[in-house]
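Student: I would like to learn how to read individual features in a structural model. Could you take me through some of them, giving the general idea before the case at hand?

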Amino acid sequence: MKCFRLLALLLFLLLVVLTFMSILVHSSHINNTNGSVRCWDRERQALLSIKDELVDTYGQLTSWGNHDDKKDDCCEWRGVHCHNRSNHVTQLNLGFSQLQGNISTSLLELQHLRYLDLSYNDFEYAPILASLTKLRYLNLARANFSGPIPHRIGNLSKLLYFDISYNDCYSENIDWVLSFDSLEHLGLSSTNLSKATNWLQALSKLASIKELYLANGDLPEIPPSLLTQKSMVPPLLPFLISRQTLIHQFRCYSVGSQTSAALI
């Protein structure tokens, strides 16, 4: 009986502690945002740091606040979307904003991002940041990124959509795609793949792929022996099997449940 009472007391104390901690976290969030806004101050400051390093010629970020106005809710800013319950920033859509400048490393503070679109801007040959592991959607097309595609991009294993087309980027080994178990869209057009001799073997393992863009990638020649291997069939070899010659440029696209390709 004494053991039962002691156990009940311990459980009660544990419940009290957990309740107290929950109240502290909730209170901290309210105080953090002065009780009047949804977004977390750390994420708000990260967004403002991103804005500070950009030239916004066309006023796309005019709705974004400033460092002094603590009551300004970043969840209401243009291109920013917050989770309805946690209030963390989960989407940042700055595509087609014609922004110029450096892409701040403060972007990495937005650890809850699921969707990031930075396409059609000018980030002045910035390197690719590849540490936001919760991303499902990443569009960096035509944004003037430069340099190697870091192998750690493979850590973004939850990606469904990845496009880095028409930048000044290259990759000498694309084994990083092997981490993308659920990837449906891959855009690598105008990415220098001239030294990625394993490109066909790696891309052939993308079981979920529906859209693939490889135009102007200077692809290495496909060894004729690979065109007869059954392991290459799902899902890419049907795109190439009708042509025994080198294909440098092609576009794959989805038609219903089938994946197809067309030369461009």
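Predicted model: local features only at pLDDT ≥ 70, side-chain atom pairs only at ≥ 80, totals over all residues.

Student: How many aromatic pairs does the structure hold, and how is a pair of rings described?

Tutor: Two quantities describe a pair of aromatic rings, namely the distance of the centres and the angle of the planes. The structure holds eight aromatic pairs. One of them is formed by Phe-96 and Tyr-120, which are stacked, with 4.1 Å from centre to centre and 10° between the planes. This pair links distant parts of the chain, since Phe-96 sits in the loop between β3 (89–93) and β4 (100–101) while Tyr-120 sits in the loop between β5 (115–117) and β6 (137–139), 24 residues apart. Phe-96 counts as exposed because its relative accessibility is 57%, whereas Tyr-120, at 36%, counts as partly exposed.

Student: Why is the pair of Phe-162 and Phe-180 called edge-to-face?

Tutor: The ring centres of Phe-162 and Phe-180 are 6.3 Å apart and their planes meet at 65°, so the pair is edge-to-face, the cut-off for that class being over 60 degrees. Here too the pair links distant parts of the chain, with Phe-162 in strand β8 (residues 161–163) and Phe-180 in the loop between β9 (168–170) and β10 (185–187), 18 residues apart. Phe-162 counts as buried at 0% relative accessibility, and Phe-180 is buried as well, with a relative accessible area of 2%.

Student: Which residue lies over the face of Tyr-166?

Tutor: That residue is Arg-142, which lies over the face of Tyr-166 at 4.0 Å from the ring centre.

Student: How should I read a helix, taking α2 as the case, and which of its residues are buried?

Tutor: An α-helix has 3.6 residues a turn, so residues three or four places apart point the same way. Helix α2 (residues 41–52) has twelve residues, which at 1.5 Å a residue should span 16 Å, and its end C-alpha atoms are 16 Å apart, in agreement with that expectation. Its buried residues are Glu-43, Arg-44, Ala-46, Leu-47, Leu-48 and Ile-50, and the buried residues of α2 pack against β1 (54–55), β2 (80–82) and β3.

Student: What is a disulfide, and which cysteines does one join here?

Tutor: A disulfide is a covalent bond that connects the sulfur atoms of two cysteines. The structure holds one disulfide, in which Cys-75 is joined to Cys-82 with an S to S distance of 2.1 Å. The torsion about the S-S bond of Cys-75 and Cys-82 is about -95°, so this disulfide is left-handed. Both of these residues, Cys-75 and Cys-82, are buried. Two further cysteines can be read for accessibility: Cys-39 counts as buried at 1% relative accessibility, and Cys-169 counts as buried at 3%.

Student: Where is Ser-165 found, and which residues does Ser-165 touch?

Tutor: Ser-165 is found in the loop between β8 and β9, and Ser-165 is buried, with a relative accessible area of 4%. Leaving aside residues up to four places away in sequence, Ser-165 touches Ala-141, Arg-142, Gly-187, Leu-188 and Ser-189. A polar atom of the Ser-165 side chain lies 3.4 Å from the backbone oxygen of Gly-187.

Student: Is Lys-205 buried or exposed?

Tutor: Lys-205, in the loop between α3 (199–203) and β11 (211–213), counts as exposed at 60% relative accessibility.

Methods. Residues numbered from 1 in each chain as written. Heavy atoms only, no water. Phe/Tyr/Trp six-rings, centres within 6.5 Å; stacked < 30°, edge-to-face > 60°. Helix = DSSP H or I, 4+ residues; strand = E, 2+ residues; numbered from the N terminus. Buried < 20%, exposed > 50% of the residue type's maximum accessible area, 1.4 Å probe, protein only. Lys NZ or Arg CZ within 6 Å of the ring centre and 35° of its normal. Expected span 1.5 Å × (residues − 1). Contact = heavy atoms within 4.5 Å. Disulfide = S-S within 2.5 Å. Polar contact = N/O pair within 3.5 Å; in protein donor to acceptor, adjacent residues only side chain to side chain.
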